[in-house]
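Hello,

Here is the structure I promised to pass on to you.

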Amino acid sequence: MPELPEMETYKVLLEQIIGGQMITGVVINREKSINVPIEEFTRKVLHQKIESIERRAKYVIFRLQNGFCLLLHLMLGGWMYYGTKEEQPDRSIQVQLSFQDHHLYFIGLRLGYLHLHTPEMIWRKLQHLGPEPLDPNFSLDAFFSIFQNRRGGLKTTLMNQEVLSGIGSRYSDEILWHCQLHPKRRINELEPSGLVRLYGSIQSILQLAMQHGGYMDPLYRDDHKTGGYQMFVHGVEGKNCSRCGNMIVKADKMYFCQQCQL
Ligand SMILES: [Zn+2]
C-alpha cells in the first residue's frame, strides 16, 4: 500500500501536470469507488478547475474551484496513471478524470476510493490523524511527548495512524532497520537514546524514500521520478543485510535483520 513517500510523490507530480487544469470529463466504471450517486459526482466535478492538491497522511486531496474536494485513498492495490487514450494501461479502470486529451486513470480501487466531500467533512474525517512526521513542528520534543508514555510494539505503534500519520507496513520495517531496533521491541523498554535514534530514522528514511520517488510504478510515460527507492529489508527476505551481511528474515509480516536489529 502506498505510504507517505509515494503519496507525496504523486502529489508533487499531479500538481505539475493537472494543477490549475479543468476537468473536462468524468467516467465512473465502479460506483463503489465513489460515495455519492454518479450523476451527483459528475455534476459537482465536471468543468471544475483543480485549485490545489494536498497530501495528508496517506491521502491526497484535490480541492476544486467550487469548494468541493476529492479525497483519494489508494489503500491496497490502488494506483494511478496519467496519459492519452493510447497509453491507457490494460487494466480495469474504476474512475477516470479527463483533462482534454489526457486522462487520469484510477486503477485497482477496490478498497481504495475517490470520495467527494465538503472541506468540513474532510476536516472531520482527518482530524483523528496523528502529526505528519516531516512537519517542521514535529520536533524531537513533540516526538518524545507522544512516544515516551506508549507501551506498544515498535512496528505496531509506528503504523498507528492516530499516533503518527503516513507510515505503514513498508516504511515501518525500513525505519526500524535503519535505527537497528527489532520491530517487536516495546517502546517502554527503550532508553531515551533509542527513541532519539528512532526519531532520526523516521526523518531519514522518509526523506530518502521521497528523494527517490517511493516505490510505485511511473505515473506517466516520461516520469523519471517515481519508483527509485530500493528497500533495505521490506519485501527482500532471503537477501543479505546491507549493513551486516546476515540474511533478512520475514516473521509475522515483519521484515528485519536478526543480527543487527536488537
Ligand atoms: Zn544486519
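With which side chain does the side chain of Gln 96 make a polar contact at 3.3 Å? The partner is the side chain of His 103. A polar contact here is a pair of N or O atoms within 3.5 Å; within protein, one must be able to donate a hydrogen and the other to accept it, and residues adjacent in sequence count only if both atoms are side-chain atoms.

Before going further, please keep in mind that this is a predicted model: local features need pLDDT of at least 70, side-chain atom pairs count only at pLDDT 80 or more, and totals for chains, interfaces and linings use all residues. Residues are numbered from 1 along each chain as its sequence is written, and side-chain values use heavy atoms, with hydrogens and water left out.

Back to Gln 96, which sits in strand 6, residues 93-99 (helices, H or I of at least four residues, and strands, E of at least two, are DSSP runs numbered from the N terminus). Its side chain also makes a polar contact, at 3.5 Å, with the side chain of Ser 98. With a relative accessible area of 9%, Gln 96 is buried (buried means under 20%, exposed over 50%, partly exposed in between, with a 1.4 Å probe and protein chains only). Leaving aside residues up to four places away in sequence, Gln 96 touches Gly 25, Val 26, Val 27, Lys 85, His 103, Leu 104 and Tyr 105 (contact means heavy atoms within 4.5 Å).

Now to the charged pairs. There are twelve salt bridges in the structure, each a side-chain nitrogen of Lys or Arg within 4 Å of a carboxyl oxygen of Asp or Glu. One joins Glu 132 and Arg 56, at 2.9 Å from N to O. This pair links distant parts of the chain, 76 residues apart: Glu 132 is in the loop between helix 3 (119-126) and helix 4 (140-147), and Arg 56 is in strand 2 (residues 50-56). Glu 132 is buried at 13%, while Arg 56 is partly exposed at 23%. Both belong to a network of salt bridges that also links Glu 8, Lys 11, Glu 15 and Arg 55.

Another salt bridge pairs Asp 252 with Lys 184, their closest N and O atoms 2.6 Å apart. Asp 252 is exposed at 56%, and Lys 184 is partly exposed at 46%.

Finally, Lys 44 and Glu 40 form a salt bridge at 2.7 Å, and both lie in helix 2 (residues 38-45), four residues apart, about one turn of the helix.

Best wishes
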